[in-house]
Amino acid sequence: MNDRGRDAPFDARTLLTSRTDSLREANRRRIIRAVMVTPGTQVSIARQTHLSQATISAVVNELVQEGVFVVDSGEGERGKRVRLGPVRGAAVGVEVNHSSVTVAARPVGAADVEYSTVEFGADQSGNLWFRRAVRLIRETVERTGLTSDHIVSIGVGIPAAIDPRTSRITQVSSSLGWNMTGDPRDQFQHEFSNVPVIVDNEANLAAYGEYVHGVGLDGHETMLYVKASVGIGAGLIVGGLIFRGRHGIAGEMGHLAMDTDGTVCRCGNRGCLETLIGGIRLLSQVREAYAGYRIDSPQSLESLIERAKGGDPVCRRVLTDAARVMGLALAKVCNLLNPEIVVLGGELGMAADLLLTVIEDSMRLHALRGMFDPEFAPVRVVGSELGRQAGARGALSFALQVDQTIPA
Ligand SMILES: [Zn+2]
């Protein structure tokens, strides 16, 4: 099947290209993809692929004989880890934010991920951010020792809702330069014409990253990931899958109507959660408090958090008030969804040590009590483990595991 020389590595693109339409071939590709996302035991491959143990065992044996897979021969479950043999290919993930783009890339058989970030995002007019993102993808892949020709998948998270059936944007904030009819997947596909590209909401992909590589490693049936940054989004994982809803709008927590007489939001509604605790609002509260005094106000959410950690009483107060409101919003969401675990990500996730207790106290005050009953494994509220890398890392793994045809 491979026209490779005796010692040359397998070409990942060839392994993932469909030879026939048979179910057997499809299962084989799914298992290869699962091991590319994360090496693991046959049990963990079953959890990822939803295939039977018998199927997995047969395919793993076949791939071990071919030399595509290697099984570590240690004792116990962990010892029998299935990993990739010499296979050459690169997987890429991109997180597009309002004011930054982060790219993650790694060889499909390696654990270490290369990250690059530019402070230049979707709020910058026209297509400039896109050109920067394309250049950053090529540069980051080259840092892994591979080239753009080796890319097998690109996942892109963008700050917009995406229709899961068509990959088109269904809802985008008017503060972005995109028009509603734009199709970011087409743009990337045009640039990387022989690589499958998947586009999804950036909070969904961050949730996926946290589920596969971070907090979710402990095994959770349902996980709510909140990305609290300049905007506030959320991703919901149910049984290992991203829950998107019919229009891809599920999880737009920042636009929960909290105060119908409140400030008009960038979405056009009034009193959304984002108008109360979005990054821009938090920064303006600090600016107001220090107006007229010879104290510099923080210019970014990150520096506001740093100042709060350093003891600045105004920054601290603004953040703890925000945490109380976040707790109220989470109580509403949890009453509706009852997740097993809530993960605080985005910039506010970096202040988890300051905020989690306040958030949880506020949730307890407003959510149904059963969720916090010590008799029934209460809902856990934790900080993100992957931090700012969750989105790009999740985009990388999500696109890699989807069995999509590689364009010829
Ligand atoms: Zn809104």
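1. A residue is called buried under 20% relative accessible area, exposed over 50%, and partly exposed in between, with a 1.4 Å probe and protein chains only. Asn338 is partly exposed, because its relative accessible area is 47%. Helices (H or I, at least four residues) and strands (E, at least two) are DSSP runs, numbered from the N terminus. In these terms, Asn338 occupies the loop between α12 (313–337) and β15 (341–345).

2. The model is predicted, so local features need pLDDT of at least 70 and side-chain atom pairs count only at pLDDT 80 or more, while totals for chains, interfaces and linings use all residues. Residues are numbered from 1 along each chain as its sequence is written, and side-chain values use heavy atoms, with hydrogens and water left out.

3. Backbone torsions deserve a remark. Most residues other than glycine have a negative phi. Asn338, which is not a glycine, has a positive phi near 50 degrees. Ala377 likewise is not a glycine, and its phi is positive at about 45 degrees. Ala377 sits in the loop between α14 (352–366) and β16, and it counts as exposed because its relative accessibility is 67%.

4. Which residues does Ser384 touch, leaving aside its neighbours within four places in sequence? They are Glu210, Tyr225, Val343, Leu344 and Gly345, where contact means heavy atoms within 4.5 Å. Ser384 itself lies in the loop between β16 (380–383) and α15, and it counts as buried because its relative accessibility is 17%.

5. Two pairs bring together residues separated in sequence. Ile158, in strand β8 (residues 151–158), is buried because its relative accessible area is 0%. Its C-alpha atom is separated by 8.5 Å from that of Val94, 64 residues apart along the chain. Thr405, in the segment after α15 (390–401), counts as exposed because its relative accessibility is 64%. Thr405 and Val195 are 210 residues apart in sequence, with a C-alpha to C-alpha distance of 8.9 Å.

6. Overall, the chain has 15 helices and 16 strands. Its radius of gyration is 22 Å, close to the 22 Å that the globule rule gives for 408 residues, so the chain is as compact as a globular protein of that length. The radius is taken over C-alpha atoms, and the rule is 2.2 Å times the number of residues to the power 0.38. Along the principal axes, the C-alpha atoms fill a box of roughly 75 × 55 × 40 Å.

7. Of the 408 residues in the chain, 53% are buried. Among contacts between residues at least 6 apart in sequence, 61% join residues at least 24 apart.
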